[in-house]
Amino acid sequence: MRTLEKELLEAKTVTLMRCNISSITPITNVKPRSLSIVSALKKISEADSISLSPENDGSVTSDCGVYAVYDSNGQVQFIGLSRNIAASVDLHRKKVPELCSSVKVGVVDEPSKESLTQAWKSWMEEHIAATGKVPPGNETGNTTWFRPPPQKKPDLRLTPGRHVQLIVPLEQLIDRLVKENKVVAFIKGSRSAPACGFSQRVVGILESQGVDYESVDVLDEEYNSGLREKLKSYSNWPTFPQVFVNGELVGGCDILTSMYEQGELANLLK
């Protein structure tokens, strides 16, 4: 009887082991999300060529992704990645029109920083495998295709000092400032040393766009005394930073970030 019980127990154990083994899903086939997204991306050789002739304006998507710019001889001059492909290609056309004859585009549907970088690497690797070299515009030291960093401008001061009596009301100075300048950012700290993460993010976005903007430090009580409370009343917006474009309040960090990521900001700043 003991022998029979032992055999039954062994048989049950083997059955359980087989069931457990068969239910295990191999992890070797699981890909990081960014790699899965890139695997769905068209190769350069599969992407359609879009002419950059004047009569074909508006044909390049403003989506996020990678792009390859070709010259009139059909040679790849530059492979880039962008949050707004149309805006980036337009900048290249203005800077080096003689090298921009056509473009191929690969849209990245979920454009995280990692997935965009992986997509760019994928196109670069394909091009190098096919030609044995990197595109001229991607060579080390070549700055033709990259926007030069903007010169740091000093922050504006609205008053001569807190102990000087103002002839013009502060609200009128604010109104004049935002209406006489295309882009004005009221931030905490200076543009060279923002005093909060939100202000740092706003400065980073504006400078990445290469836009000429004015900045005002709302924490500067010596030269901008009373600005914070007066600006809240003027804009009807309770927090900082605040960004104005063409005299109108765009919003703060969250709104500006959203517009930047969706490719809307580049068009607004044109």
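Q: Where does Asn236 lie?
A: Asn236 is in the loop between α7 and β7. Helices (H or I, at least four residues) and strands (E, at least two) are DSSP runs, numbered from the N terminus. This is a predicted model: local features need pLDDT of at least 70, side-chain atom pairs count only at pLDDT 80 or more, and totals for chains, interfaces and linings use all residues. Residues are numbered from 1 along each chain as its sequence is written, and side-chain values use heavy atoms, with hydrogens and water left out.

Q: Is Asn236 buried or exposed?
A: Exposed, as the relative accessible area of Asn236 is 67%. Buried means under 20% relative accessible area, exposed over 50%, partly exposed in between (1.4 Å probe, protein chains only).

Q: What is phi of Asn236?
A: About 55 degrees, a positive value although Asn236 is not a glycine. Asn246 has a positive phi too, near 55 degrees. Asn246 sits in the loop between β7 and β8 (248–251).

Q: Which residues does the cis peptide bond join?
A: Phe240 and Pro241, with omega about 10 degrees. Pro241 is in the loop between α7 (227–235) and β7 (242–245).

Q: Switching to α3. Which residues are buried there?
A: In α3 (residues 85–95), Ile85, Ala87, Ser88, Val89 and His92 are buried.

Q: What covers the buried residues of α3?
A: The cover includes β2 (65–70), β3 (76–82), β4 (102–107) and α9 (264–268). Contact here means heavy atoms within 4.5 Å.

Q: And what does Asn84 reach at the start of α3?
A: A side-chain oxygen of Asn84 comes within 3.3 Å of the backbone nitrogen of Ala86.

Q: Last one: where does Glu139 lie?
A: In the loop between α4 (113–131) and α5 (170–180). Glu139 is partly exposed, with a relative accessible area of 42%. The C-alpha atoms of Glu139 and Phe78 are separated by 9.1 Å, and the two residues are 61 residues apart along the chain.

Conventions:
Polar contact = N/O pair within 3.5 Å; in protein donor to acceptor, adjacent residues only side chain to side chain.
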